[in-house]
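Please examine the sequence and the structure before working through each solution.

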Amino acid sequence: MNEELLTIENLSTSFPIAGQLYAAVDDVNLTVKKNEILAIVGESGSGKSALAFSIMGLHTRAQIQGHIYYKGQNLATMSPAELNRLRGNEVSMIFQDPLSALNPLMMIGEQIEEVLLLHESKSKTARSSKGSGQTRHSKKFRKEQTLDLLSQVGIPRPEYTYGQYPHELSGGMRQRVVIAMAIANQPHLLIADEPTTALDVTIQLQILELIRRLKEQMEAGIILITHDLGVVAEMADRVAVMYAGQIVEISSIHSLMSNAKHPYTRSLMSSIPTGNEKKTKLHVIQGVVPSLQHLPRQGCRFRSRIPWIEEAAHEADPQMHEVEPGHYVRCTCYKHFHFLDE
Ligand SMILES: Nc1ncnc2c1ncn2[C@@H]1O[C@H](COP(=O)(O)OP(=O)(O)OP(=O)(O)O)[C@@H](O)[C@H]1O
Ligand SMILES: [Mg+2]
């Protein structure tokens, strides 16, 4: 069951700023298989959403280079009409900003029904047992499915929310609606960009369980973008760590948890409470990913965060190194990095 669903090769996404192009996603390679959750972690500005939007073909002003193969078809060269057919049907996304994904002038229920209607052939196999026996063209059936979806994402009064408009809902409720829309057609590939950030813990667990069910029952491939390493440990099969537009480490969750190599990954991991807090002193210089125009483009991009590592430890042009089967790390500096109190 290890069939590749998505293969990204040498993907770079650049934005024009003051007449010049700057890459927010820089030479990214990754795969997502059926029945697999690939988590993408990395601090704010590292390019996670820019990568997700590139896969979905949603950038309007970006220059995209490289290949994005979905079931063997290159999304990067697909016509807008073909992409549209795929989006929201086989491939869907939960957006980080739920308001931007909703139409302010349409009732919540209508918006979800529209998704179901647009992709009727898929919604025929819908999950709602209540709806079985009714034709897929029936408005009543679609309404039942919509109410069912709203209750699956933890909306307490689905009938009431069905008739509400986006501005009438709280941020957390809107996020749940966006999640309902994204899973309405049981996509084969789901990109979830910080899907549970605005939600309280109980609802968060419910949503993660839905995503896991989508993976297991539909053998969906899932890209889960999150800041929450607890969620990663709980959900991911594999993890890609991004820093300044590049993947700096990619591996199975098991290998990453037991043997993280890149200094950035190790500093992230050390922030997970373990009970043994001895190590958590000073790992790397605190900071943020520099803005796009100021990203270091030459050498190891993480260099300035670990200035005590000598220059010679870094590669001039950092490559990915396989440290265990399927576990890759960028730059040779990982060999010289140690926590100050190790
Ligand atoms: N449309 C755009 N035009 C210009 N720059 C952009 C655009 N979209 C993103 N960027 C820049 O690209 C970089 C990566 O942004 P991105 O939104 O992908 O980060 P992220 O990893 O998703 O961060 P966060 O965790 O805060 O969501 C940032 O420097 C951002 O300012
Ligand atoms: Mg983002």
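Two exercises on this predicted model follow, each with a worked solution.

**Exercise 1.** Describe the surroundings of ligand 1 and identify polar contacts that ligand 1 makes.

*Solution.* 

Step 1. Ligand 1 is surrounded by 13 residues, and the closest are Ser44, Lys48, Ser49, Ala50 and Gln96.

Step 2. Sort the shell by class. It holds 4 nonpolar, 7 polar and 2 charged residues.

Step 3. Locate the main contributor. Helix α1, which spans residues 48–56, gives the most to the shell, with 3 residues.

Step 4. Examine the atom pairs. An oxygen atom of ligand 1 lies 2.5 Å from a polar side-chain atom of Ser44. Polar backbone atoms also take part: one of Gly45 is 2.9 Å from an oxygen atom of ligand 1, and one of Ser46 is 3.2 Å from an oxygen atom of ligand 1.

Step 5. Consider the covered area. Ligand 1 taken alone exposes 640 Å², of which the protein buries 67%.

**Exercise 2.** Determine whether Gly221 is buried or exposed, and list its contacts beyond its neighbours in sequence.

*Solution.* 

Step 1. Gly221 belongs to strand β8, residues 221–225.

Step 2. Apply the cut-off. A residue counts as buried under 20% relative accessible area. Gly221 has a value of 0% and is therefore buried.

Step 3. List the contacts. With neighbours within four places in sequence left aside, Gly221 is in contact with Leu5, Val32, Lys33, Asn35, Glu36, His188, Leu189 and Leu190.

Step 4. Compare sequence and space for one partner. Gly221 and Asn35 are 186 residues apart along the chain, and their C-alpha atoms are separated by 5.2 Å.

Notes:
Residues numbered from 1 in each chain as written. Chains lettered and ligands numbered in written order. Predicted model: local features only at pLDDT ≥ 70, side-chain atom pairs only at ≥ 80, totals over all residues. Heavy atoms only, no water. Near = heavy atom within 4 Å. Polar contact = N/O pair within 3.5 Å; in protein donor to acceptor, adjacent residues only side chain to side chain. Areas by Shrake-Rupley, 256 points an atom, 1.4 Å probe, with all protein chains shown as cover. Helix = DSSP H or I, 4+ residues; strand = E, 2+ residues; numbered from the N terminus. Nonpolar A, V, L, I, M, F, W, Y, C, P; charged D, E, K, R; others polar. Buried < 20%, exposed > 50% of the residue type's maximum accessible area, 1.4 Å probe, protein only. Contact = heavy atoms within 4.5 Å.
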